[in-house]
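Please study the structure shown below and work through the exercises that come after it. Each exercise is followed by a worked solution.

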Amino acid sequence: MSPMLIWPLIVGSVIVLVTACFHVSALVTLVISLRRIGQRHPDGPGTAHKIFMLSITVVVVLAIHSIEVWSWAVIYLLLGEFQSLNTALYFSGATITTLGYGDVTLTETWRLLSTFEAMSGLILFGASTAFMIDLTRRLFDNKL
């Protein structure tokens, strides 16, 4: 295997692992916080409070994903792939969401990283979606 291929594989794998651990940890922390809020209502929170809890969850999940986009962008800057933070954030956001316009790309040396970021995005957005669907079910079944 070419040394040019090994480094992107190692770097991509490490970043995916770190962002996945961060993502899961953040969701676990969110669950703990939501349970504490839910325990304040012995009969279960009312509809308005449930909607508030879901709204907070959406904001927190967006923040989690934003931190992950920023993380990838910083890595691209450190690798010298982009000269500006704006371009790195744009590329990272387009890649992690698998939108991938293609107007900005990585050099041949590091382009494999974009595949890792897209795979990471698919998995983590899927996890966030499953989390929010389960939270909605639990809230409206009064199981939180």
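The exercises below concern a predicted model and treat helix packing, a pocket and a salt bridge.

**Exercise 1.** Determine how helix 3 and helix 4 are oriented to each other.

*Solution.* Two packed helices are described by the angle between their axes and the distance between the axes. Step one is to read both values: helix 3 (residues 85-96) packs on helix 4 (residues 112-140) at about 55°, and the axes are 7 Å apart. Step two is to classify the angle: roughly parallel requires under 35 degrees, and roughly perpendicular requires 65 to 115. Helix 3 and helix 4 are therefore oblique to each other. Step three is to name the residues in contact. Helix 3 contributes Phe-91, Ser-92, Thr-95 and Ile-96, while helix 4 contributes Ser-114, Glu-117, Ala-118, Gly-121, Leu-122 and Phe-125. By class, this contact of helix 3 with helix 4 comprises 5 nonpolar, 4 polar and 1 charged residues.

**Exercise 2.** Classify the orientation of helix 2 relative to helix 4.

*Solution.* The axes of helix 2 (residues 47-78) and helix 4 cross at roughly 170° and come within 11 Å. Angles over 145 degrees count as roughly antiparallel, so helix 2 is roughly antiparallel to helix 4. The contact of helix 2 with helix 4 has 15 nonpolar, 6 polar and 3 charged residues.

**Exercise 3.** Which residues lie closest to the centre of the largest pocket?

*Solution.* The largest pocket has a volume of about 160 Å³. It is lined by 13 residues, and the closest to its centre are Phe-91, Thr-95, Gly-102, Val-104 and Thr-105. Helix 3 supplies the largest share of the lining, 4 residues. By class, the lining divides into 6 nonpolar, 5 polar and 2 charged residues.

**Exercise 4.** How far apart along helix 4 are Asp-134 and Arg-137?

*Solution.* The structure holds 2 salt bridges. In one of them, the side chains of Asp-134 and Arg-137 meet at 2.6 Å, N to O. Because these residues are 3 residues apart in helix 4, about one helical turn separates Asp-134 from Arg-137.

Technical notes. Residues are numbered from 1 along each chain as its sequence is written. This is a predicted model: local features need pLDDT of at least 70, side-chain atom pairs count only at pLDDT 80 or more; totals for chains, interfaces and linings use all residues. Side-chain values use heavy atoms; hydrogens and water are left out. Axes are lines fitted to C-alpha atoms, for helices over the stretch in contact, and angles run from 0 to 180 degrees between N-to-C directions. Helices (H or I, at least four residues) and strands (E, at least two) are DSSP runs, numbered from the N terminus. Contact means heavy atoms within 4.5 Å. Ala, Val, Leu, Ile, Met, Phe, Trp, Tyr, Cys and Pro count as nonpolar, Asp, Glu, Lys and Arg as charged, and the others, Gly among them, as polar. On a 1 Å grid over the protein atoms alone, a cavity is a set of points where a 1.4 Å probe fits but cannot get out, and a pocket is an open set with protein on both sides within 12 Å along at least five of seven lines; lining residues have an atom within 4 Å of a point. Grid points are joined across faces, edges and corners, and a volume is the space filled by probe spheres set on the points. A salt bridge is a side-chain nitrogen of Lys or Arg within 4 Å of a carboxyl oxygen of Asp or Glu.
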